[in-house]
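Please keep the structure open beside the text and look up each residue as it is named.

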Amino acid sequence: RSLQHGHPGLLFGGDRVLRLLLFWGMFLPLNNELSVDRALGKTPSKFNYVTTPFSAALVIQVLALYFYAGVSKLQDTSWIHGHAFEEALSLFPGILAPRIWAWRALFPAMTYFTIIFEILAPLSLLFLPRSSVPGRLALWGLILFNFALAGIFEVSFFPWVCLVGCLVLIDPKSEGQTEHSTFFRRITLFSATVVGILPILPLS
C-alpha cells in the first residue's frame, strides 16, 4: 500500500480493487481453486465450499464494489440526467469506442441501465441462490459487463481485476458441469494473465 500511495498519479481503480481482493485472499485457500495450476487442471480441487468470515468478507467485498458504485451514481447529476455514458466515452475511449458512437441515441438508456444493473445484480447474488436463474443471469451479466467495460473504455486493467473478483461468486456446485468448469478456468487463466502483464507494460 505504501508503494501505491508513493505514486498516486499512476494509480487506477484496479490497483485498489486488486489490493482488497488480495487482502481477503490471504486468509483463504485460493491456490486450490483460483490459480494457474488449477486453471490448467494440474492441481485437483480439494474444496467445494469454504465457509469462514473471510470467505464471506471476500464475497461481500466484490458485491459491494458494484452496489456502491451504482448508489454513488445517484448523487451525480451527469448520471441522473443521462449524460454520463457519453461523457465517459469522450474522456476514456477504448478500442470499440468508434463503433459505439454509432449508437449515440442509446447513450441515455445505457447510462440508466448501468445504474440499475450495478445496484440490482449484487443484490440478486446476495439474497438469491447463485444457482438460480436470476443468480446465473446476474453473474453472467457482471462478466459481460466487465468485458464490455474493457472494450468500450480505456480504464487500464480495472475490468480484468473485476473479472477475477467475479470468480468468487460462482456456485461451487457448477464445478460438476464440465463445460461450465472449463470455461471459468479459462477465464481465470486469461484474467490472471492480463492482471499480471498490464501493470508492467510501458505507458503510452
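**Notes on helix packing and salt bridges**

1. The crossing of H4 and H8 is left-handed, a term used when the near helix is turned anticlockwise from the far one by less than a right angle, the clockwise case being right-handed. The axes of H4 and H8 (residues 107-127) come within 8 Å and cross at roughly 145°; such axes are lines fitted to C-alpha atoms, for helices over the stretch in contact, with angles running from 0 to 180 degrees between N-to-C directions. Helices here are DSSP runs of H or I with at least four residues, numbered from the N terminus.

2. Please bear in mind that this is a predicted model, in which local features need pLDDT of at least 70 and side-chain atom pairs count only at pLDDT 80 or more, while totals for chains, interfaces and linings use all residues. Residues are numbered from 1 along each chain as its sequence is written, and side-chain values use heavy atoms, with hydrogens and water left out.

3. Which residues of H4 meet H8? On the H4 side they are Leu63, Tyr66, Phe67, Ala69, Gly70, Val71 and Lys73, and their partners in H8 include Thr114, Glu118 and Leu126, where contact means heavy atoms within 4.5 Å.

4. Lys73 and Glu118 also form a salt bridge, their closest N and O atoms being 2.9 Å apart; the term requires a side-chain nitrogen of Lys or Arg within 4 Å of a carboxyl oxygen of Asp or Glu. This pair links distant parts of the chain, as Lys73 in helix H4 and Glu118 in helix H8 are 45 residues apart. Both residues, Lys73 and Glu118, are buried, on a scale where buried means under 20% relative accessible area, exposed over 50%, and partly exposed in between (1.4 Å probe, protein chains only).

5. The count comes to 2 salt bridges, and Arg104 forms one with Glu86, with the closest N and O atoms 2.4 Å apart. Arg104 lies in the loop between helix H7 (97-100) and H8, whereas Glu86 is in helix H6, 18 residues away. Arg104 counts as partly exposed because its relative accessible area is 47%, and Glu86 is partly exposed at 24%.

6. Two further residues deserve a look. Ser55, in helix H4 (residues 53-73), is buried because its relative accessible area is 14%, and, residues up to four places away in sequence not being counted, Ser55 touches Leu28 and Val50. Ala88, found in helix H6 (residues 84-91), is partly exposed with a relative accessible area of 24%.

Note on methods:
Helices (H or I, at least four residues) and strands (E, at least two) are DSSP runs, numbered from the N terminus.
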